[in-house]
Amino acid sequence: RVQVLPEVGTEFSSVNESVLTGEKKMAARAAYEAGDTEKSSLIHSQQIAEPHKAGGNYLKSMVYGGLDGCITTFAVVAGVIGADLTTSVLIILGVASLFADGISMGVGDFISSKAENDHVQAEKKREEWEMKNNIEGEKKEMVDIFVTKGMSLHDAHNTIETLSLYPDLFLEIMMQQELGMIEEDESPLKNGLVTLISFIIFGSTPIASYVISDVAMRDPYMGTKVNLAFVVSSICTGLTMFVLGAFTARFTNMSWWKSGLLIFANGAFAAGVAYGIGYGLSMLNVDH
């Protein structure tokens, strides 16, 4: 939700607003990380509103869907290689896992987002009803909350009396302070679709890179004891996971390289476990 203060005027297009607010957010974060209070004050004195959550849910769905896709399918590839199965088996298991897990992730994101939205809307309707039928009781509850947060009783009364003159704002603050809820405008369906598409696109990296390398080399071992196609797949997948992990730093206070390394280590560990299980089971001489 990007807003421009009235004094800025209406000459900015929505694209310009997004660019300006995005630059301000990046500059504000850089000032915070550097501990530069003077620069932070200068940035916040600008007239473009700072959007803390513009489209955040869709971005998160894309990043986390992509990460799950990469890690899941790479674990399948590693397990197949560890068991020394054929490329055709890798393709069958990998593609089946890619689409089955992708659909499961997408539907799960849709259902959870919808359930959360429905719950928030139900609580909002209840609070609206209570405001209409017992406004004094609601104001008293808010005064008590503000007092427990350290505000004096006198200031709390004055603040709540002023806020109650603006029903929509008062309702929003009640939802946040009393129930800990923030109304989101993202679509559950779009969240689910973004997760599904991202899972499939990024999740295809381990499989596609292995198959392309395998076909190009004809012999993935090329006279060595190392499956070079798996090495190529590991490098491509590792880079993808690191980039997506670094991107998650947008949602946390962690530095981009630490976030990237953390996700990379997570994927490497999962793949290592899958490879070990595949190799161990193949040593049992199970007929496959």
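**Exercise 1. Burial and overall architecture**

Of the 288 residues of the protein, what percentage count as buried? State also how many helices and strands there are.

Solution. The model is a predicted one. Step one concerns burial: 33% of the 288 residues count as buried. Step three concerns the secondary structure: the protein has 10 helices and zero strands, giving the pattern α-α-α-α-α-α-α-α-α-α along the sequence. Step four concerns contacts: among those between residues at least 6 apart in sequence, 71% join residues at least 24 apart.

**Exercise 2. Confidence**

Determine the average pLDDT of the protein, and identify stretches where pLDDT stays under 50.

Solution. The average pLDDT is 85, and 86% of the residues score at least 70. Residues 1-20 stay under 50, and the model has 18 contacts beyond four places in sequence for them. Residues 48-54 also stay under 50, with 18 such contacts in the model.

**Exercise 3. Aromatic pairs**

Find how many aromatic pairs the structure holds, and classify the pair of F74 and F230 and the pair of F242 and W256.

Solution. A pair of aromatic rings is described by the distance of the centres and the angle of the planes. The structure holds three aromatic pairs. F74 and F230 lie 5.9 Å centre to centre with 15 degrees between the planes, and this pair is stacked. The pair links distant parts of the chain, with F74 in helix α3 (residues 56-82) and F230 in helix α9 (residues 228-247), 156 residues apart. Both F74 and F230 are buried.

For F242 and W256, the ring centres are 6.1 Å apart and the planes stand at 80 degrees, so the pair is edge-to-face. F242 belongs to helix α9 and W256 to helix α10 (residues 256-282), 14 residues apart. Because its relative accessibility is 23%, F242 counts as partly exposed. W256, at 53% relative accessibility, counts as exposed. Finally, ring pairs join F74, F230 and Y275 into a cluster.

**Exercise 4. Helix α10**

Compare the span of α10 with the expected value, and list the buried residues reported for α10.

Solution. α10 has 27 residues, and the distance from its first C-alpha to its last is 39 Å, close to the 39 Å expected at 1.5 Å a residue. In α10, the buried residues are S259, G260, I263, G267, A271, A274, G278 and S282.

**Exercise 5. Two individual residues**

Is S61 buried or exposed? Where does P220 lie, and which residues is P220 in contact with, leaving aside its neighbours within four places in sequence?

Solution. S61 is placed in helix α3. Its relative accessibility is 8%, and therefore S61 counts as buried. Apart from neighbours within four places in sequence, S61 is in contact with D109, N191, V194, T195 and S198.

P220 lies in the loop between α8 (188-217) and α9. At 12% relative accessibility, P220 counts as buried. Apart from neighbours within four places in sequence, P220 is in contact with D214, V226, N227, L228 and A229. The C-alpha atoms of P220 and Y210 are separated by 9.2 Å, the two residues being 10 apart along the chain.

Terms used:
Residues are numbered from 1 along each chain as its sequence is written. This is a predicted model: local features need pLDDT of at least 70, side-chain atom pairs count only at pLDDT 80 or more; totals for chains, interfaces and linings use all residues. Side-chain values use heavy atoms; hydrogens and water are left out. Rings of Phe, Tyr and Trp (its six-membered ring) pair if their centres lie within 6.5 Å; planes under 30 degrees apart count as stacked, over 60 as edge-to-face and the rest as tilted. Helices (H or I, at least four residues) and strands (E, at least two) are DSSP runs, numbered from the N terminus. Buried means under 20% relative accessible area, exposed over 50%, partly exposed in between (1.4 Å probe, protein chains only). Contact means heavy atoms within 4.5 Å. pLDDT is the predictor's confidence in each residue, from 0 to 100. The expected span of a helix is 1.5 Å times one less than its number of residues.
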